[in-house]
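Dear colleague,

Please find below the structure that I am handing over to you. My notes on what was found in it follow directly after.

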Amino acid sequence: MKKVLQFFTFLLFSIYLTGCPPTDEEPIPHVPLDTIDKDKLLKLVNAQRSAGCNCGGTQMPPVSPLVWNNSLEKAAQRHSLDMTNHSHFDHTGTDGSVLGTRVREAGYSWTIVGENIAQDYNNEETVIQGWLDSPRHCKNIMKADFIEMGVAKAGNYWTQVFGTP
């Protein structure tokens, strides 16, 4: 009995020193997510989609509006937090994750996905205009194959994720 008690004392002391075992819960971010105006983002994107536009010399015709998707927003949140927490501006996450994996892990079953990232924009209007001023990002916004989107901002980093189930 004494040995059993010693073992459990050792085990409890070890857990105390090393912390609790890992869980499946999401880690607490170092930088909180910024509050964004989802309605404004959707309105700005859909106004451009309904009007059509010129993306770096390529005329993009009007296309159907997008709808907000919370799973795509969750994937965008993950990537914006990762970029902010690691001062890392890239489509590949610091853990090696790629867009398709992040979207699937956020619970979105997709057939086509796309992503825009941005840094150092202050609000919804300026980040959307920045993406529209970039031919590749503009084409993502205007891509007729996309039917849903989610956006997130953390610190100075924005992520916009598009998808079609």
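Is Cys138 buried or exposed? Cys138 has a relative accessible area of 0% and is therefore buried, where buried means under 20% relative accessible area, exposed over 50% and partly exposed in between, with a 1.4 Å probe and protein chains only.

Before the remaining findings, a note on their basis. This is a predicted model, in which local features need pLDDT of at least 70 and side-chain atom pairs count only at pLDDT 80 or more, while totals for chains, interfaces and linings use all residues. Residues are numbered from 1 along each chain as its sequence is written, and side-chain values use heavy atoms, with hydrogens and water left out.

The disulfide

A search of the whole structure finds one disulfide, defined as a pair of cysteine sulfur atoms within 2.5 Å. Its partners are Cys55 and Cys138, with sulfur atoms 2.0 Å apart. The pair links distant parts of the chain, since Cys55 lies in strand β1 and Cys138 in helix α6, 83 residues apart. Helices (H or I, at least four residues) and strands (E, at least two) are DSSP runs, numbered from the N terminus. The torsion about the S-S bond is about -60°, so the disulfide is left-handed. Cys55 also counts as buried, because its relative accessibility is 0%.

The nonpolar cores

A nonpolar core is a set of buried Ala, Val, Leu, Ile, Met, Phe, Trp, Tyr and Cys residues joined through side-chain atoms within 4.5 Å. The largest has 23 residues, of which Leu41, Met142, Met149 and Trp158 touch the most other members. Helix α5 gives the most to this core, with four residues. Apart from it lies another core of ten residues, including Val103 and Tyr108.

Helix α3

Helix α3 covers residues 70-86 and reaches 24 Å from its first C-alpha to its last, close to the 24 Å expected at 1.5 Å a residue; the expected span is 1.5 Å times one less than the number of residues. Among its buried residues are Leu72, His79 and Met83. Ser87 follows α3 and has a positive phi, near 45°.

Yours sincerely
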